[in-house]
Amino acid sequence: MITGAGKGIGRAIALAFAKAGKERHTFKPVLVLSSRTESDLHSLADECKTHGTETLCIQADIAVTEEREKLLNKTLDTYGTIDCLINNAGVGRFKPFGEMTEEDFDYTISTNLKGTFFLTQSVFAVMEKNRSGHIFFITSIAAEKAFKSSTIYSMSKFGQKGLLEALRLYAAESNIRITNVMPGAVLTPMWGEVPEKMQNLMLMPDDIADPVVNAYLLPSRSAVEELVIRPIGGDINE
Ligand SMILES: NC(=O)c1ccc[n+]([C@@H]2O[C@H](COP(=O)([O-])OP(=O)(O)OC[C@H]3O[C@@H](n4cnc5c(N)ncnc54)[C@H](OP(=O)(O)O)[C@@H]3O)[C@@H](O)[C@H]2O)c1
């Protein structure tokens with residue numbers, strides 16, 4: 001199950017799983033693709049199909065309780081289980097501290113923290129019963145380093161890191177792997193218009209997607225706990 005699969009990093013992760021399925025005889029992933037924009041999911045599903053990968057598209061806003069329930073129930077009704085959750089859906093509003101509004105706060109926190117927390121709680125219960133599973137959190141370098149324009153975003157990402165570290169204490173007892181993926185700046189729609197000079201300093205979505213799939217495909221006795229992936233020139237937007 002990949003949240004925020006429609007664009008950017010989530011889309012690249014879905015395609016990387018699909019390509020891995022095409023390349024390996026023993027790996028046949030079935031992908032549940034979810035985000036708020038249905039048309040994105042269908043075009044992604046078409047591309048996955050060209051690699052021979054089965055998909056299920058579920059339009060859902062993880063900030064909304066009923067929509068999280070729809071995502072979970074439709075997945076379980078169709079497949080009966082969930083082996084892997086990629087907590088990728090995330091939003092950011094980037095501006096000076098003094099200009100942040102209550103709406104910016106609620107919008108960011110309801111997706112990045114509340115939505116991520118409760119979806120993870122439901123999926124974790126399924127994995128606990130199975131005594132197996134893998135949960136990735138696409139957090140950020142901003143989960144442990146502050147940027148001036150990212151006060152609320154940083155709060156949410158530090159919070160995700162707190163959640164996954166606490167969850168790891170439960171996961172270890174249930175044979176579940178937790179991976180914190182901390183990318184630096186990646187060229188995705190999240191950034192809006194990006195000047196060409198800056199684009200050349202950024203990571204590409206595939207730079208995150210391929211290590212995620214490789215971490216998933218390692219033998220189940222091993223867990224990649226953290227992936228920290230920065231542009232080679234270091235962080236931009238200090
Ligand atoms: N790009 C970067 O530089 C960077 C760096 C570090 C970490 N990250 C993190 O990586 C993740 C993906 O970011 P990205 O850069 O790929 O962003 P993006 O291009 O804006 O894509 C985000 C995806 O999440 C979906 N989404 C957002 N809110 C959602 C919600 N409430 N419910 C369901 N889906 C939702 C969006 O689709 P809809 O709008 O259609 O729902 C979209 O498909 C985020 O968690 C972000 O914080 C990004």
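Ala142 sits in the loop that runs between strand E5 (133-138) and helix H5 (151-171). The model described here is a predicted one.

Ala142 has 23 C-beta neighbours inside 10 Å, and because 20 or more are required for that class, Ala142 counts as buried. Once its neighbours within four places in sequence are left aside, Ala142 is in contact with Phe147, Ser150, Tyr153, Ser154 and Lys157. Asp46 lies 96 residues from Ala142 along the chain, and the C-alpha atoms of these two residues are separated by 33 Å.

Helix H5 also holds Met155. How is Met155 classed: buried, partly exposed or exposed? Met155 has 16 C-beta neighbours inside 10 Å and therefore counts as partly exposed. Its sequence separation from Ile109 is 46 residues, while the C-alpha to C-alpha distance between Met155 and Ile109 is 8.6 Å.

The two residues and their C-beta neighbour counts are set out below.

| Residue | C-beta neighbours inside 10 Å | Class |
|---|---|---|
| Ala142 | 23 | buried |
| Met155 | 16 | partly exposed |

**Helices H1 and H7**

Helix H1 covers residues 8-23 and helix H7 covers residues 205-217; their axes come within 8 Å and cross at roughly 50°. On the H1 side, the contact is made by Gly8, Ile9, Arg11, Ala12, Ile13, Ala16, Phe17 and Ala20. On the H7 side, the residues are Pro205, Asp206, Ile208, Ala209, Asp210, Val212, Val213 and Leu217. Sorted by class, the contact of H1 with H7 has 12 nonpolar residues, one polar residue and three charged residues.

**Surroundings of the ligand**

There are 29 residues around the ligand, and those that come nearest are Gly4, Gly8, Arg36, Thr37 and Gly90. Which elements give two or more residues to this shell? They are H1 and helix H4 (102-130). H1 provides the largest share of the shell, three residues. By class, the shell around the ligand is made up of 11 nonpolar, 14 polar and four charged residues.

Definitions and conventions. Residues numbered from 1 in each chain as written. Predicted model: local features only at pLDDT ≥ 70, side-chain atom pairs only at ≥ 80, totals over all residues. Helix = DSSP H or I, 4+ residues; strand = E, 2+ residues; numbered from the N terminus. Buried ≥ 20, exposed ≤ 12 C-beta atoms within 10 Å, placed from the backbone. Contact = placed C-beta atoms within 7 Å. Axes fitted to C-alpha atoms, helices over the stretch in contact; angles between N-to-C directions. Nonpolar A, V, L, I, M, F, W, Y, C, P; charged D, E, K, R; others polar. Near = placed C-beta within 6 Å.
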